[in-house]
Amino acid sequence: MITAGDARLLFRSSPDSLALRDSGTAGLAPGYIQTNVVIIDESLADDFQQFCRLNSGPCSVIFRGRSGQVNTDDSLGADIRTDMIGYRVWEDGRCAGEKKDLLDVDFSRLQTFYLGCSFSFETLMMEKGLQLRHILERKIVPMYETNVDLVPHGRFSGKLVVSMRPIRREHLQEVVQLSFSLPSCHGIPVHIGDPGVLGIGDLTQGSLGGVVLPEEGEVPVFWCCGVTSQLAMAKAGIDRCYSHLPGCMFIHDMRTEEIRYKNEDLNPRVVPLREEPYLASIVSSKAADRINEIETMVASDPGKRGVSNLVQYGSLLKAALAISHSSRIAILTGFPVTGKYPYYENDGITGALALSGALVESGRSRVAIFVDEEVLNLNFSIYQGIQNI
């Protein structure tokens, strides 16, 4: 089996390592950590590191080199100038070309950032017999720019980039658990299912890597991607900097087992939310259990009013997760109650107001409350009364 050192030597000694770019490093040297690479002037390094801290999902820093340092503390025999398939050269916010090596570049003022990569957890999946089609088809993993804003810092800002792997539905839970164990290499997926939620209209268009489309029984699963850092560098308009070629990573001597993470309380659980287009979410087992406990409490019926007949068990968890994905939320309350006289609900509005207040306070959602027109004044009165408490 090829080691990390073998792979680096292959890239270093190959007279035309760029010819290897079409398949990249996915699946190469299994069991070793792979990282994205950003090489920038030392004057920008602290700002870039803070940007990475604020956006640790796509830009988790595995190692930061000192000015002039061309190896890493875990891979002392490596040389970042020669030990990748190839390099991109960025000038004034655009890709100005590609190079086989950086031996003619003065590194005295340059610092190298090694950022976590999802290729690192692919080995764990393959060991379990899970097929990753971009590897089988020898293609660069598909990557897409999304509509999700990054947290800006200094000159650095932009949109989140994600990688996509088609995964069979029956394997979703296992895939999520395996990637969860490597949070510094992007960890669990950022999204499962409908690409439109991320602003991706067509998986056949706009990929920054290869194109691998989901087949029957497969779901598109999206992880944060380190190419996010390249687009952030481009937007910053840096005079000159360098990066890896997309899909062609630096391979460390560090093993994935050395940095695997386990926490039974936070063990992730995949929860389907809808079928067409398919959408699922992820919640920790601890949070899911607590929400289900609340649902059981809601269904208790000491007054024998038949409340339990209205409860669809499991729906509270799905509703909570659906809200977490929503930017606009509607709450319905205060409608007529069946009877001889036009009775109207007047206690539900207090719960609706409490829920809407919490959602608005989170800063993530716009909320509208809908009530029956005939009791609009009644509900306003209840709202004003609560405000005066």
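C225 counts as buried because its relative accessibility is 7%, where buried means under 20% relative accessible area, exposed over 50%, and partly exposed in between, with a 1.4 Å probe and protein chains only. The model that contains this residue is predicted: local features need pLDDT of at least 70, side-chain atom pairs count only at pLDDT 80 or more, and totals for chains, interfaces and linings use all residues. Residues are numbered from 1 along each chain as its sequence is written, and side-chain values use heavy atoms, with hydrogens and water left out.

The cysteines may be taken further. A disulfide is a covalent bond between the sulfur atoms of two cysteines. Here the term is applied to a pair of cysteine sulfur atoms within 2.5 Å, and a search of the whole structure finds 0 disulfides. C225 is in no disulfide, and the nearest cysteine sulfur, that of C117, is 7.1 Å away. For C248, the closest cysteine sulfur is also in C117, at 10 Å, which is too far for a bond. C248 is buried, with a relative accessible area of 1%.

The overall form comes next. The protein has 389 residues, of which 47% count as buried. It contains 10 helices and 17 strands; helices (H or I, at least four residues) and strands (E, at least two) are DSSP runs, numbered from the N terminus. Along its principal axes, the C-alpha trace spans about 90 × 45 × 35 Å. Contact means heavy atoms within 4.5 Å. Among contacts in the protein with a separation of 6 or more, residues 24 or more positions apart account for 75%.

In soluble globular proteins, nonpolar side chains tend to be buried together. A nonpolar core is a set of buried Ala, Val, Leu, Ile, Met, Phe, Trp, Tyr and Cys residues joined through side-chain atoms within 4.5 Å. The largest such core has 28 residues, and I40, F48 and I238 touch the most other members. Two or more residues come from each of β1 (32-41), α2, β5, β7, β9 (218-224) and α6 (227-236). The element that gives the most to this core is α2, with 5 residues. Apart from this core lies another, of 21 residues, among them L132, V176, L178 and A280.

F48 deserves a separate look. Its relative accessibility of 0% is the reason F48 counts as buried. Leaving aside neighbours within four places in sequence, F48 is in contact with V38, I40, F113, L115, F156 and S229.

Rings of Phe, Tyr and Trp (its six-membered ring) pair if their centres lie within 6.5 Å; planes under 30 degrees apart count as stacked, over 60 as edge-to-face and the rest as tilted. The whole structure holds 8 aromatic pairs. F48 and F156 form an edge-to-face pair, because their ring centres are 5.3 Å apart and their planes stand at 70°. This pair links distant parts of the chain, 108 residues apart: F48 is in helix α2 (residues 42-54), and F156 is in the loop between β6 (143-149) and β7 (159-168). F156 counts as buried, with 1% relative accessibility. The rings of F63 and Y114 have centres 5.9 Å apart and planes at 50°, so this pair is tilted. F63 belongs to strand β2 (residues 61-64) and Y114 to strand β5 (residues 110-116), so the pair ties together parts that are 51 residues apart in sequence. Both F63 and Y114 are buried. Ring pairs also link F48, F51, F113 and F156 into a cluster.

A charge sits over a ring if NZ of Lys or CZ of Arg is within 6 Å of the ring centre and within 35 degrees of the ring normal. R165 lies over the face of W223, at 5.1 Å from the ring centre, and R255 lies over the face of Y32, at 4.2 Å from the ring centre.

Two loop positions complete the account. T82 is located in the loop between β2 and β3 (87-91), and its relative accessibility of 9% makes it count as buried. Beyond neighbours within four places in sequence, T82 is in contact with F11, R12, Y87, D101 and L103. G306 is placed in the loop between α7 (285-299) and α8 (315-324), and counts as partly exposed at 25% relative accessibility.
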